[in-house]
Amino acid sequence: MFTLMKKTRHFLYPLIILLLTGCNSFLGVEPRSSVSDEVTIVDGNSAATAVRGIYAALRSNDYYGYSFQLLGFFSADNIVYRGSQTVHQTLTNHTVKSDLAVLATAWNQIYATINRANHVISKVPGLALTTTFTETYRNQLVGEAYFIRALAYFDLARTWGGVQLVLQPTASASSLPQVPRSSLADTYAQVLQDLQKAEQLLPDETNRIRATKKTARALLARFYLYQKNWSEAIKYASYIIDDNSNYSLVTPYRSFYANNTSNTKESVFELVYDINNTSGQASQWLAGANGGTAWIRPSQDIYDLLVNPAIGGDRSALVSRTSSSTDPNILIGNLYYRTDRTDPVFLIRTAELYLTRAEARAQLNGEGDLTAALADLNAVRRRANIEPLEGLGKAALLQAIEQENRVEFALENHRWYDLLRTGRAQEVLGIASANRLLLPIPFAQVSIDPDLHQNPGLD
Amino acid sequence: MKNSVWKYAATLFLSHGLLLPVFSQQSEPLINATLKGLVLDSISHQPIEGVTIQLEGVTHQVKTDESGRFQFVTGQRLPLTFSTSFLGYKSRRITARQAQIQILLQPAVSDLDEVVVVGYGTQKKRNLTGAVARVEASEVNKIPVASFDAQLQGKLPGVQVSTNSGVPGESIFLRVRGTTSINSSSDPLYIIDGVFLNNTSLQNIGLGGRTSSPLTDINPADIESIEVLKDASATAIYGSRGANGVIIITTKKGSYGSRTKVDLNLQAGWAEANRTLLPKLATGPETATLANEWWINSGLDNPALKQTFANRPYRPVAEGGKGNPEEQPTYDRLGFLLRHGRLQDYNLGIQGGSDKSRFYIGAGYTGQEAFIKVIDFSRTSVKFNFDHQLSSRVKIGLTNNFSRTYRNQARTGDGPQVSLFNSAVSSATNVPIFNTDGSLNGTDNTYTLVDNYDVNTTSLRYVGSAFAEVDIVKGLKFRSSFSADYNVYDESQYWNSKTSIGIANNNQATSGISRNGTWINEQTLSYQYAFGNHNLSAILGNTLQSNVLDYKYLEGNGFANDSFRQISSAANIIASDNWTKYTISSFFGRIGYSYGDRYFAEATLRADGSSKFGANNRWGYFPAFSAGWRISREAFLAGQSWLSDLKIRASYGLTGNQAGISNFAARGLWTGNEKYADSFGKVSPATGPSQLGNDDLRWEKTAQADLGLDLALFGSRLSVTVDLYHKYTSDLLLERPIVGSSGFSEYWANVGEISNKGYELLISSLNVKTRDFAWNTSLNISGNKNKIEKLPAQITQYTRDWVILKEGYSLNSFWLYEQLSVDPQTGKAVFDGQLSDGSLPTSARKVFRNAYPKFYGGIGNTFTYRNFDLGIDFSFQYGSYAVNLNRYFRERNPSSGGVFKNVLNRWQQPGDITDVPRLTSEGLNYTIDANSRYLEDASYLKLRQLTLGYKLPRELVERARLTAARVYFVGSNLFLWSKYTGDPESNVTSNPNAQGLGSFGTPPQPRTFQLGLNVTL
């Protein structure tokens, strides 16, 4: 036994020592496609990539690329769901439950976008300036983050009501946010604060796929319209409308999107896709013959309106009709038609600012306001190649603007929110309970977050 | 110290040089006596080949030849004492008093002397203190599935096997003693000849959620035996990877001093659909009738739809309709898709050895066509195992496995588009296949997909090792090995201009190449020592393992026409890649002690360090203890002739798990894989946080206690093994859901606990054994109860959250609204928890039932009569449930595609008693996705394998200069008894957390019929 131990020892010791010393470096493996948290925003270059990352989150499938869009699409009467996940139809008949999966995906992605913006807002102002990383550029980057954070909270507020306001980046699992829901007013106050910072920091340039001072002003116009602050809405809408060398209503209607067009003067803010980064909703709009599923379709009502020459005019280009072996009447939306799924998402178009100003002017109802409102409305109608309206009173004018919004943005995510902000949703869509004007907070969130309570009357 | 190492090395070298001649001198025979003998089976009196005859007192040994004869010359004089040994026969010690001798060997009905492979060694089954199950590969390897794991169904207690689809070569669902993990893998560790085998599919091209199995690269014909290590005592030596059991595959090695044996096995046949498992579609007229009814009812319920009898879709053509229902034709797409799939399996095995070396060479080809068109699998493999005794102290060896598998695939499983099997089911039967001009109707119809969509995969795999073993002194052995598992998985896919994806992209080609490389270096030092009644064994070792997986993907869109298929000819090319790596470093040891063949004790410890974990908790320590007591050897049971063996065993230990989680799960990460433009058309890289870090991330731990009993009665004609176990897994590696307002929806954390409690029973009996007739029965039943003991938040699975993981319930439970009945008066579905106003609150959605069986197992009988043999194997499971997704999709709006006949049972008028509610788009009848109406009992009993064989008569065989020849028939999955509509084992996805989602788009398992010929030279 003894000799045996001795021999083994001689044999083993060098081996074990060799192995133990080698171990720590052997076990250290670094990822290549991602980097660790600490080394992300350290200079101008990395700050710029982080800001692009906020846009990437904004246009991702879980936000403007698909999921968030569905919520507004199906809640109103312009767009219907005809796919296999029939539960999406509960949005349309206003019986949606909090366990609808798409509620959670959209909610989480909006907050992921906010977190990216928070990283930039908290880290970039402290970065040292260089000859290439100028103060203007630094302000631009921070301003863009403020703009997107404002948009994200705006989307949360108009969909779910007041939400938890998280304004610091999440650094680690041990410092998760624990904040109660803010009131709707406080949420909107945060949106305004961020938008005003963005307006102040951003350069006065024209860039339709990134936020500039102009983009911030366009969103402010929408914000004030929601707030019924008519004079501010008029003021901010006018910034864009008056900038007619950069922004105009392009003719014919379809020329802002058809024939692979994008980035036209019509567009104030759009999110772009490319073949490496495709839009998730695209394939669900496309007809089967174009490689899609046509699960998302225009409703029969909007189809009828659009193809009516007196109402839709040139906007009839937005829809067409086809059939398949199983379905004789497939209505197709043509705003998303690119078979390579690179259709941009239009967030703000010049037409919106005309209609915003029209509505705000009509609401002001002062001398000359109705005429001016009508002129704005008719600018949009004229572009669509339909007869201008004349001599409408306030109520009829507002009604006409509502109708114009419906057809002008038939396949964009406006209708639900327009009806909500004007208080007309219950009447127009036949929603019995006012509680249904907000969507339920995702089931999983309510169940894991003690600070988050469900909207009243929803489950 | 350095000095003494060299001294040792020199001693070692010298001893080899010097001792060798001494040994050989000892064994040089002085010719004094010749012994000739014949060894026969005591019952059949057939000669036995390969019996080892070991002369006592010397190292000299010989083996019997094919006619059972042996001969040796020795320096000793008669009488000579020698022993015989041969697997499957009782060993004998014989004293020969004359030069010619005939020896009868009794078949060993008991398998107690059987040697069982355990972690880093072998043990006699009788000495085991852990729970280990074993199967001889030859019992199962004729079942025509592509991998050995799928062949194990119903054969081993504690091993649950579900074959999720009828596509040959796809991953299956296999669990050893239940599921222990959620986000980490619950698959067992597979080890082939000491090499840790990759079992994670390298498939990247989406095939509707189903993935190929990497285990198909191993040819089952090369396998000798499969051992499953189940309890902590057996698995703890594999520490961090032992929690889900360890499956050890031992391949054929040849034997020293044996004649070269050539074994040729040819087997061919066909696979066909078990038609009772195929979906039953309503005819054209039935579909149209139902569509009209749906239309009209919906219109009645919601006048706003403007759907009336007058404008129903199937009304006379003259009225603008599609013709009356009875005028509708019926087209059979499924029939077009079906075929008799050809099955082929050809294997050549050559094995043998000299005194100093042994080898096995295997070559095989397997071809398996699915019973639906296009899909097939084939494998060509070469196996070469070789050991050589360099000297009496040093042995070296190699194991090598080369294979190439080729798959012709198609999308099965989920997906709206282009799913091949689904395309034949989801189109309404009254819709024409061809347009009037002869062109195909619509895109992605079954006919289009068969001809215009290609997915091909080639997997090249090498698994092998080289080792050296040194006997340092008597009983002490050092072994060092290098092993590699290298796999190149090459996928390509092409959609031509007739498919929807082809249309959308002007044809699309994709190519993905994954390379997975593992290397392992291992050292062990093992020691055996016996004095008196004491037996001591010990092993000490270390392992270093490194694994790199990299992936390159190319996609081309926009081709000139269908003839151009190479990506370089595409207008747009998209590329991406991925690289990931992990390393594991381990130290382990085991000490075993036994006293007098009666008392056994064992202790194991393994320490593992993994690169996957946070710096704070990189190392995990996994101990285990076990003890056994052979009561039958105690004096108070002596002389009980009916009792052959009785042993109780107990073990307790800790094992770990880290498989399946991301290699960088503990890190806080920012991804650089995103892009956005600074100005229009100028795309630049983007970054963003993608993962929240956790420096404390550590090993998932499973504590397991096992209590076992081995009993053999009546000369071991009846043997029973019973095991009870309790596994408790804590520190679950979980993508823990966190508040969304953090910007993350989850992060990797150690939260949650899962328990598995169960029992296993194995009974083997030799019912009849006469000279001409034998009948064996083997029955195994295992039950496992899984429970999520702690989980901070429920986690839902799959698109519609049908499956849920929730504290207090089993994994893979269902989350559904339970449809209690259909109101006979109104035809409305009535749900549990429905409010009096008819609405259904989310709180009514409840967690119930799950995808795991209450018990499962198999029963096998083998009969031999003279030259005939018959084997009948059943497998079964009871108490499992599955949501039948096929029914979910096809038993709803009848105007949106294919409709199952079951919809004809819908409620039509007051008084109808049915569970299919009134057809309408309104209300809850067909708008609740998570409706329990589609949940079905997936219990089954099936005739898994039927084998009938005939050994050709000896005279005939000898005349053909062969050693043996057998012809046989083997059928698999011949009959199935189940309440489930379809294949109860089918699952839409390979995702283990989404088990219980049956049938959708997934072909059922085929029935197969094969004839085979086995010839031994």
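**Chains, domains, cores and strands**

Modeller: Let us begin with the contact between the chains: 88 residues of chain B are in contact with 83 residues of chain A, where a contact means that two C-beta atoms, placed from the backbone, lie within 7 Å. The model is predicted, so local features need pLDDT of at least 70 and side-chain atom pairs count only at pLDDT 80 or more, while totals for chains, interfaces and linings use all residues. Residues are numbered from 1 along each chain as its sequence is written, and chains are lettered from A and ligands numbered from 1 in the order in which they are written.

Biologist: Which strand gives the largest share of the side of chain B that touches chain A?

Modeller: Strands (E, at least two residues) and helices (H or I, at least four) are DSSP runs, numbered from the N terminus. Here strand E30 (residues 669–677) of chain B gives the largest share, nine residues. By class, that side of chain B has 37 nonpolar, 41 polar and ten charged residues. Ala, Val, Leu, Ile, Met, Phe, Trp, Tyr, Cys and Pro count as nonpolar, Asp, Glu, Lys and Arg as charged, and the others, Gly among them, as polar.

Biologist: How should I read the domains of chain A?

Modeller: Domain bounds come from an automatic or database domain assignment. For chain A this gives domain 1 (43–170 + 181–203), domain 2 (229–272 + 344–416) and domain 3 (279–343). Taken over C-alpha atoms, the centres of domain 1 and domain 3 of chain A are separated by 28 Å. Their contact takes twelve residues from domain 1 and 13 residues from domain 3. On the domain 1 side, helix H3 (67–75) and strand E2 (79–81) of chain A each give two or more residues, and E2(A) has the largest share, three residues.

Biologist: What does burial tell me about chain A?

Modeller: A residue is buried if 20 or more other C-beta atoms lie within 10 Å of its own, exposed if 12 or fewer, and partly exposed in between. Of the 459 residues of chain A, 53% count as buried. Its secondary structure comes to 17 helices and seven strands.

Biologist: Which residues touch the most other members of the largest nonpolar core?

Modeller: A nonpolar core is a set of buried Ala, Val, Leu, Ile, Met, Phe, Trp, Tyr and Cys residues joined through C-beta atoms within 7 Å. In the largest, of 245 residues, they are A:Val120, A:Ala145, A:Phe147 and A:Ala150. Helix H6 (residues 135–160) of chain A gives the most to this core, with 14 residues. Leaving aside neighbours within four places in sequence, the contacts of A:Val120 include A:Ile41, A:Leu141 and A:Ala145.

Biologist: How many bridges join strand E22 to strand E23 in chain B?

Modeller: Two strands pair if DSSP finds at least two bridges between them. Strand E22 (residues 453–473) and strand E23 (residues 476–495) of chain B run antiparallel and are joined by 20 bridges; B:Ser465 has B:Ser483 in E23(B) as its bridge partner. The two strands form a hairpin with two residues between them, and B:Gly475 in the turn has a positive phi of about 90 degrees. E23(B) is also joined by 20 bridges to strand E24 (residues 508–531) of chain B, again antiparallel, and B:Arg479 stands opposite B:Thr524 in E24(B).

Biologist: Is helix H4 of chain B mostly covered or exposed?

Modeller: H4(B) is mostly covered, with 13 of its 18 residues buried.
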